[in-house]
Amino acid sequence: MKKEGGRKIFGFMVKEEKEEKKGSVEFQVFNFTNKIRRLASHLELHKKDFSSERGLRRLLGKRRRLLAYLAKKNRVRYKKLISQLNIREQ
């Protein structure tokens, strides 16, 4: 493992791991949850913003489908994720 300019040559391996994490169900649900919370706070101030409300409903549906997939595939990861994000009653 040689160094070039202070960087490791095997730096591409780190990049691949980051990309893998971005595609994981947990990361996607985390991102959707952040967007949902942001939109919900926006809609509290702007009650008649119906286009944002539609976007919020779409995000909720996407997150619900991802969570259903995760619950079907791996129940342990599902329970851990919903407890970390505090999004569902247990």
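Student: What makes the largest nonpolar core a core, and which residues have the most contacts inside it?
Tutor: A nonpolar core is a set of buried Ala, Val, Leu, Ile, Met, Phe, Trp, Tyr and Cys residues joined through side-chain atoms within 4.5 Å. The largest one here has 16 residues, and Val29, Leu67, Tyr78 and Leu81 have the most contacts inside it. Two or more of its residues come from each of α2 (25-45), α3 and α4. This is a predicted model, in which local features need pLDDT of at least 70 and side-chain atom pairs count only at pLDDT 80 or more, while totals for chains, interfaces and linings use all residues. Residues are numbered from 1 along each chain as its sequence is written, and side-chain values use heavy atoms, with hydrogens and water left out.

Student: Why is arginine 63 called buried?
Tutor: Buried means under 20% relative accessible area (exposed is over 50%, partly exposed in between, with a 1.4 Å probe and protein chains only). Arginine 63 has 14% relative accessibility, so it counts as buried. Arginine 63 belongs to helix α3 (residues 50-73); helices are DSSP runs of H or I with at least four residues, numbered from the N terminus.

Student: Which residues is arginine 63 in contact with, leaving aside its neighbours within four places in sequence?
Tutor: Contact means heavy atoms within 4.5 Å. By that rule, Val29, Phe32, Thr33, Ile36 and Ile87 touch arginine 63.

Student: How do you know that leucine 85 is buried?
Tutor: Its relative accessibility is 9%, so leucine 85 falls under the cut-off and counts as buried. Leucine 85 sits in helix α4 (residues 75-85). Apart from neighbours within four places in sequence, its contacts are Val29, Phe30, Thr33 and Arg37. Valine 29 is 56 residues away along the chain, yet the two C-alpha atoms are 9.1 Å apart.

Student: Why is α2 called roughly antiparallel to α3?
Tutor: Axes are lines fitted to C-alpha atoms, for helices over the stretch in contact, and angles run from 0 to 180 degrees between N-to-C directions. The axes of α2 and α3 come within 9 Å and cross at roughly 155°. Angles under 35 degrees count as roughly parallel, over 145 as roughly antiparallel, 65 to 115 as roughly perpendicular and the rest as oblique. Therefore α2 is roughly antiparallel to α3.
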